[in-house]
Amino acid sequence: MTPQARVAVIGGGVIGCSVLYHLAKLGWTDVVLLERSELTSGSTWHAAGGFHTLNADTNMAALQGYTIGLYRELEEASGQSCGLHHVGGLTLATTPERLDFLKAERAKHRYMGLDTRIVEPEEIAALSPITSTEGVLGALYDPLDGHLDPSGTTHAYARAARRLGAEVQLRTHVHGLTARADGQWEVHTGQDTILAEHVVNAAGLWAREVGDMAGAYLPLHPMEHQYLVTDDIPEVYNHGSELPHVMDPTGESYLRQEGRGLVIGFYEQACEHWAVDGTPWEFGHELLSDRLERIGDSLEVAYRRYPVLETARIKRVINGPFTFAPDGNPLVGPVPGLRNYWTACAVMAGFSQGGGVGLTLAEWMVHGEPSRDVFAMDVARFGDYCTRDYTRRKVRENYQRRFAVSYPNEELPAARPLHTTPAYAVWQNKRAVFGQAYGMEAVNYFALDGEPLFETPSFRRSNAFAATAAECEAVRTKVGVNEIHNFGKYEVSGPAAADWLDYLMAGRVPREGRVTLSPMLSPRGRLIGDFTLSRLGKQRFQLTASFAAQAFHMRWFEAHRTSDVTVENVSLCRVGLQIAGPRARELLQRLTRSDVSNTAFPFMSVQHLEVGPCRAIVQRLSYTGDLGYEIFVPVEQQLALLLAIEAAGADLELRPFGMRAMMSLRLEKSFGSWLREYKPDYTARETGLDRFVAYTKNSEFIGRAAALDEREQAPQRRLCTMVVDAADADCWADEPVWHGGAVVGFVTSGGYAHFVQRSLALGFLPCELIEDGRRVEIEILGERRPATVAARPLLDPQGARMRA
C-alpha cells in the first residue's frame with residue numbers, strides 16, 4: 001500500500017481510470033487509484049458502450065470528439081484493445097422542429113471541424129436498411145459514432161496509466177476521509193491510511209457517499225436504465241457490413257448492432273430513481289430486476305421503426321443504474337468549500353465523455369485551469385439550492401428529456417418555483433411569464449392580453465415577440481421597471497479590501513462613490529468574470545456579476561482571499577429593481593429628497609439614498625444602454641420599493657419589462673453577456689474588454705503577464721456586431737459565419753433588436769474581415785442568410801443616452 005500519494009483517485013470505473021491516465025500523462029505519476037472491488041464495478045461493466053459527439057454545448061461536443069479520437073492512442077499506449085467499432089450514427093427527425101434542431105447542430109459542427117451532415121430518407125434507408133423511414137423527414141449523420149468494449153476500454157486506461165508510473169489498488173474500500181489543516185487528506189481504507197495531497201471523487205454510483213465523507217453534497221442521483229439484446233437476426237448478419245447506430249427520439253430509443261443481433265435501449269417516461277437513500281456498498285456486479293412494463297409504449301414504436309424486431313427473440317434484458325446530474329452533464333472540478341477535493345462523477349455517457357472529463361480534470365489539477373471553458377460540466381454550476389429532492393426531480397426530468405429537442409427559449413418546469421422574491425406575486429398579477437436561473441425565478445416577459453402565460457418553445461420567433469417589442473419601446477421612449485435580483489452580488493470589506501480587489505481584478509478599483517467595470521482573468525489571461533465594482537465606503541465594496549456563476553466566483557474568491565478581507569455573498573438578501581429610459585431621472589427624483597441631477601449623480605457613480613420608504617444603494621448605470629438606475633434594498637423591503645415606484649411612475653407610463661426585452665436592448669448597444677460573449681474560451685483583447693484592463697496600474701493582478709503578452713500581439717479574431725437579413729428565425733448562438741465560401745467565424749448570441757428593428761448577432765470574425773459594411777453570411781437552421789458587419793452599435797454609439 002502506498003502510504004503517501006500526490007493524488008488518490010477513488011473509483012475504478014472508466015472515469016476514474018481516465019483521470020488516472022491523464023494525470024500520469026501530464027507528469028503527475030505519484031498517483032493511486034483505489035477501487036473497493038474490481039475495475040468496472042458499478043455502472044461501467046453493464047454499459048451499452050456507445051459513443052457519439054452530439055451535444056448541445058459546443059465545448060462538451062468538442063470534448064466528446066476528443067474522447068472518441070483518443071481511443072486509438074489509448075490502444076497503442078496500453079497494448080489493450082478497446083474493441084472499437086466506428087460505424088457511424090443516424091439521429092432521426094420526424095417533425096419540422098426536430099429537423100430544425102438537427103440543422104442547428106450541423107451548423108455548429110461546421111466551425112468545430114466535425115464532419116456531420118443532414119441526410120434524406122433515401123440515404124437513411126441505404127445506410128440502415130432495417131430502419132423504416134415512414135414519417136422521417138431527415139437525419140443527422142455522424143461518421144464518428146460507434147461503440148466499444150466497456151471492460152477493455154477501462155482496462156486500457158488503467159494499463160496505460162500503470163505504464164506511466166501510476167498505481168492501481170483493487171479490493172481497497174475507502175470508508176472515510178479526514179481533511180487536514182494543511183490541505184492534505186487522510187484517506188482511510190480497510191488496509192491502511194493514505195496521506196494524499198488531493199482526492200478525486202470518481203466513485204460513480206457511490207459518489208454521494210464519498211462526497212458525504214468530505215462533508216459535501218453532490219447533486220446527482222442514480223436512475224434505472226434498460227436495454228435489450230436480441231438473438232441473431234438474418235437481416236443484420238447478412239447485411240455485409242456493420243450497421244450504423246440509429247437514435248429515434250420519437251421512440252425514445254437508441255439502437256446498434258451487437259454481433260449478429262441488435263441492442264436497443266430506451267429512455268422511457270415511466271422512469272424510476274434507484275437507491276434513493278444511498279447506494280449499498282455491496283452492490284457492484286449485479287443487475288436490477290427487469291421492468292419491461294415501463295418500456296411497453298416505446299417498444300411498440302420500436303417495432304414500427306425497426307420491423308425486424310417483431311420476429312426477433314430477446315436474448316437478454318439489461319437493467320442497471322447510472323448516475324445523472326440535474327442537467328445531464330458531468331460534475332467535474334474542485335468542490336466549492338473544500339481544499340484539494342475534486343470530483344469527476346455523474347458522467348452518464350462515460351464512453352462519449354470519459355476521455356474529455358479525464359483530460360479536463362488533469363489539466364485543472366496540474367496546470368491550475370482547463371484549456372477550454374468547461375462551465376457546462378463544472379460542479380460549481382450548481383449551488384446550495386440543489387437539495388436532494390430538487391436534484392431527484394430535475395434528474396427525472398432530464399432522463400425523460402434525453403431525446404427531447406433542446407429549444408433555446410425553453411424553460412423546464414420541474415422543481416419550480418423554488419426561489420422567488422417578494423415581487424413574484426405582483427408580477428404574476430401582471431401576466432408575467434417566468435424563467436429561472438440558479439434556482440431563482442425571473443420574469444422573461446409580460447404576456448399581452450389574450451396571449452397564453454407560456455412561451456412556445458421554438459428555434460423561430462415565438463409568441464413572446466410582440467410583448468417583448470412593446471416592453472422595449474417603453475424603455476426607449478418612456479421608462480421601464482425591471483427586477484435586478486438575478487445578478488450575483490458580493491460585499492467585500494476589510495482593511496485590505498481595496499488592495500485585494502486590485503490584485504483580483506484586471507481593471508481599476510473605483511474611488512469612493514464611483515463605479516467601474518472590470519474583467520477578472522485567470523493566470524492564462526482568460527475571462528473568468530465580468531464585474532461591476534461599486535465602492536460603498538473606504539473599506540467596503542459591492543461586486544455584481546452573473547447570478548448563475550455564484551458558486552464559481554465564490555470558489556475563486558475563497559481560493560485567493562486573505563485573512564484581512566471578508567467576502568459575503570449577498571445575492572439573495574440584497575435584491576432590487578432598475579428603472580431605465582429617458583424619464584428614469586424624473587421618476588427617481590419623485591422618490592427621493594436627494595438631488596439626482598446629472599451633476600449631483602453622474603453616470604457610473606453610486607450613492608446611499610432614501611428611495612420611497614427604503615434605504616437603498618443606488619447605482620447610475622443600466623444594462624439596457626439607456627439612462628438608468630439600479631436600486632438595491634434588503635429583500636424584505638423590495639415589495640415596498642416596487643409599490644412606491646409604481647405609484648410615482650403611474651403618469652409617466654411606467655411599464656415593467658423582463659429578460660427577453662433586456663437581451664434585445666443590450667444587443668442594439670453591442671453589450672456582451674456572461675457565458676455568451678464573455679467566458680474562459682476568450683480573452684479581454686478578443687472581446688473588447690481590454691478597454692477596461694488597467695495594464696499600467698501598480699498591481700501584479702492575476703493574469704497581468706498573459707494580458708501584457710497578448711497586448712503586444714495582434715489578436716487573430718475579435719468580437720463584432722452583425723446585422724442579419726433574417727426571415728422568421730434569428731440567431732441564438734453557435735451559428736457559423738461564412739465568407740468567400742468558407743466558415744470563418746461563429747455567433748456568440750443574437751436575436752431581434754426591437755427598437756432599431758433589426759435582427760442582430762454578436763460573434764467572432766478574423767480581424768481582417770471586421771470592417772463596416774463587410775458582407776458575410778450566417779447559417780441559420782440550414783439556410784445561409786446575408787449579414788453585414790456593423791463597426792459601431794446600432795443605437796447611440798457615443799453613449800449619450802446613458803450619460804444624459
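These legends describe close-up views of a predicted model.

**View 1. The largest nonpolar core.** This core holds 82 residues. Seven of its members touch the most other members: Leu177, Val187, Leu331, Val492, Phe531, Leu543 and Phe557. Which helix gives the most to this core? Helix H14, residues 550–560, does, with five residues. In soluble globular proteins, nonpolar side chains tend to be buried together.

**View 2. Around leucine 331.** Leu331 belongs to the largest nonpolar core. What is leucine 331 in contact with, leaving aside its neighbours within four places in sequence? The list includes Leu218, Pro219 and Leu220. It also includes Ala325, Thr343, Ala344, Cys345 and Ala346. Met377, Val379, Arg381 and Phe382 are in contact with leucine 331 as well.

**View 3. Valine 335 in its loop.** Valine 335 sits in the loop between strand S18 (331–334) and strand S19 (341–345). Is valine 335 buried or exposed? Its relative accessibility is 6%, so valine 335 counts as buried, the cut-off being under 20%. Not counting residues up to four places away in sequence, valine 335 touches Ala216, Leu218, Tyr341, Trp342, Thr343 and Val379. Alanine 496 is 161 residues apart from valine 335 along the chain. The C-alpha atoms of these two residues are separated by 27 Å.

View 4. Aspartate 100 is part of helix H3, residues 96–112. Aspartate 100 counts as buried because its relative accessibility is 10%, and the cut-off for buried is under 20%. A polar contact of 3.0 Å links its side chain to that of arginine 460. Leaving aside neighbours within four places in sequence, aspartate 100 is in contact with Phe459, Arg460 and Leu781.

View 5. Helix H19 covers residues 704–711. Arg704, Ala707 and Glu710 are buried in this helix. Why are they on the same side of H19? They cover an arc of only 125° around the axis, so they share one side. The face turned away from the buried side carries the exposed residues Ala705 and Asp709. The buried residues of H19 pack against strand S24 (515–521) and helix H18 (684–687).

**View 6. Helices H5 and H9.** Helix H5 spans residues 150–163, and helix H9 spans residues 350–367. Their axes come within 12 Å and cross at roughly 10°. H5 and H9 are therefore roughly parallel to each other, since angles under 35 degrees count that way. From H5, Pro150, Thr153, Thr154 and Tyr157 make the contact. From H9, Phe351, Gly354 and Gly355 take part.

**View 7. Backbone details in three loops.** The peptide bond from arginine 416 to proline 417 is cis, with omega near -5°. Proline 417 is in the loop between helix H10 (388–400) and helix H11 (424–429). Leucine 675 is not a glycine, yet has a positive phi of about 65°. Leucine 675 lies in the loop between helix H17 (659–667) and H18. At 28% relative accessibility, leucine 675 counts as partly exposed. Glutamine 757 also has a positive phi, near 55°. Glutamine 757 is in the loop between strand S35 (742–753) and strand S36 (758–766). At 53% relative accessibility, glutamine 757 counts as exposed.

Technical notes: Residues numbered from 1 in each chain as written. Predicted model: local features only at pLDDT ≥ 70, side-chain atom pairs only at ≥ 80, totals over all residues. Heavy atoms only, no water. Core = buried A, V, L, I, M, F, W, Y, C linked by side-chain atoms within 4.5 Å. Buried < 20%, exposed > 50% of the residue type's maximum accessible area, 1.4 Å probe, protein only. Helix = DSSP H or I, 4+ residues; strand = E, 2+ residues; numbered from the N terminus. Contact = heavy atoms within 4.5 Å. Polar contact = N/O pair within 3.5 Å; in protein donor to acceptor, adjacent residues only side chain to side chain. Arc of directions from axis to C-beta. Axes fitted to C-alpha atoms, helices over the stretch in contact; angles between N-to-C directions. Parallel < 35°, antiparallel > 145°, perpendicular 65-115°, else oblique.
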